[in-house]
Amino acid sequence: MKKLTVANIPGDGIGREVVPAATEVLNTIAAIHGGLKFEFTNFPWSCEYYLEHNQMMPDDGMERLKDFDGIFLGAVGNIKLVPDHVSLWGLLIKIRREFEQVINIRPAKVIKGVTSPLTNPRDFDLIIVRENSEGEYSEIGGRIYRGEDELAIQNAVFSRKGTERAMQHAFHLASRRKKRVTSATKSNGITYSMPFWDSVFQDVAKEYPEISTDSQHIDALSAFFVTHPEKFDVIVASNLFGDILSDLGAGIMGSVGIAPSANINVNGKYPSMFEPVHGSAPDIVGRGVANPIGQIWTAKMMLDHFGEEELGNTLLEVIESVTGAGFLTPDLGGNHSTKEITDEIISRLKELD
Ligand code: NAI
Ligand code: MG
């Protein structure tokens, strides 16, 4: 029996509605598999927790999380109780940083039954691998003077180590997919870091002769996401370019409620964290209509990470069979509830058994 320990942090708002739904789905999958068991531990860390304890997680919070196989997070944020920068930095961003989750992965694909805003989305199916620890989001720089002479400098930081590990991850993913990696660059305009990025890309590509590669400038690449997203398989991008591309990816899918993500620790020292792209959605909380698919697809990414790709793929097929049959929450133009979607996914999974 393969036992996997997972720390559940539902967080705030609809996180508390979709995490239990996705957990039920994972338990169903484990039961069908037979040789797999999840052991979930729930942590109540959230804005409500903050009101009571004056912190988003206890002092030993990170210590308590570090030995889990994975962290399954819902969403963090309730501005009625705690300012966003306090809640996000005290929990979500703290975990990403301290657990060295240096790569962020976001897939985007056409999901059956979900209308893309593109008139002709064809059948795109891509993954964005974003370098998540350095690049343009560095803390090096400063501001001086006031008024006319005022100036600000923000340095971008690209290390060989950081760049290589993101690229290696991208090639590794592509080797199990359509065997193509696109590098997002801008070496025609950014004259030090991006030529460096390009040369590291060429070096890493040599280790994977079976993978075809190309480099695209970020501006043209963004346009291609809209005109020909089906041409891409895996895209590797710096922190800033990856941030923008992944929102574009969620955008062309049709709803933020279905988009998943993973924050990957690549050195194996700490667990990775899996979370949907959406936030706590205070405008729909408590109505039972939150789309659980972002969280359930996130569960598929966690299965992949645990080496259970076959189960992960089955889960995504079942999600699409449900949406394809017209089971949709209101954000997708339907009138089904969180529970109805979840129950339908679970019952179709059981039929496969
Ligand atoms: P949001 O993603 O929570 O909501 C944006 C819009 O999308 C809302 O209209 C919401 O109803 C809808 N939506 C989101 N997820 C949905 C789902 N699963 N099903 C149906 N509709 C869904 O973003 P917003 O409103 O900017 O932020 C709300 C709070 O969430 C803030 O406190 C923010 O800081 C936090 N947040 C947290 C994130 C995280 O934990 N990773 C990410 C984004 C926001
Ligand atoms: Mg973003």
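## Ligand shell

Helix α4 (residues 84–98) gives the largest share of the shell around ligand 1, with 3 residues. The model is predicted. In this model, 23 residues surround ligand 1. The closest are G77, G257, H278, G279 and N291. Sorted by class, the shell holds 11 nonpolar, 8 polar and 4 charged residues.

## Annotated domain

An unreviewed UniProt entry lists residues 5–345 as "domain: Isopropylmalate dehydrogenase-like". Over residues 5–345 the chain is 40% helix and 20% strand. The end C-alpha atoms of that stretch are 23 Å apart.

## Helix α9

Helix α9 covers residues 293–305. At 1.5 Å a residue, its 13 residues should span 18 Å. The end C-alpha atoms are 18 Å apart, in agreement.

α9 is mostly covered, with 12 of its 13 residues buried. The buried set runs I293, G294, Q295, I296, W297, T298, A299, K300, M301, M302, L303 and D304. The cover includes the helices α1, α10 and α11. It also includes the strands β3 (70–75), β11 (260–264) and β12 (272–276). G307 follows α9 and has a positive phi, near 85°.

## Helix α10

Helix α10 spans residues 309–324. Its 16 residues reach 22 Å from first C-alpha to last, close to the 22 Å expected at 1.5 Å a residue. Buried in α10 are L311, G312, L315, L316, V318, I319, V322 and T323. Seen down the axis of α10, these buried residues fall within an arc of 160°, so they line one face of the helix. The general rule behind such a pattern: an α-helix has 3.6 residues a turn, so residues three or four places apart point the same way.

What does the buried part of α10 pack against? The partners are α1 (15–33), α9 (293–305) and α11 (338–352). Just after α10, G326 takes a positive phi of about 90°.

E100 is not a glycine, yet its phi is positive, about 50°. E100 sits in the loop between α4 and β4 (103–109).

K179 lies in the loop between α5 (160–175) and β8 (180–185). With 15 other C-beta atoms within 10 Å, K179 is partly exposed.

Q55 is in the loop between α2 (47–53) and α3 (61–65). Q55 is partly exposed, with 14 other C-beta atoms within 10 Å. Neighbours within four places in sequence aside, Q55 is in contact with Y50 and G90. How far apart are Q55 and F225 in space? They are 40 Å apart, C-alpha to C-alpha, and 170 residues apart in sequence.

H172 lies in helix α5. H172 has 15 C-beta neighbours inside 10 Å, so it counts as partly exposed. Along the chain, H172 and V6 are 166 residues apart. Their C-alpha atoms are separated by 24 Å.

How values were computed. Residues are numbered from 1 along each chain as its sequence is written. Chains are lettered from A and ligands numbered from 1 in the order in which they are written. This is a predicted model: local features need pLDDT of at least 70, side-chain atom pairs count only at pLDDT 80 or more; totals for chains, interfaces and linings use all residues. A residue is near a molecule or strand if its C-beta atom, placed from the backbone, lies within 6 Å of it. Helices (H or I, at least four residues) and strands (E, at least two) are DSSP runs, numbered from the N terminus. Ala, Val, Leu, Ile, Met, Phe, Trp, Tyr, Cys and Pro count as nonpolar, Asp, Glu, Lys and Arg as charged, and the others, Gly among them, as polar. UniProt positions are given in the numbering used here, feature names are shortened, and annotations may be inferred rather than shown by experiment. The expected span of a helix is 1.5 Å times one less than its number of residues. A residue is buried if 20 or more other C-beta atoms lie within 10 Å of its own, exposed if 12 or fewer, and partly exposed in between; C-beta atoms are placed from the backbone. The arc is that of the directions from the helix axis to the C-beta atoms. Two residues are in contact if their C-beta atoms, placed from the backbone, lie within 7 Å.
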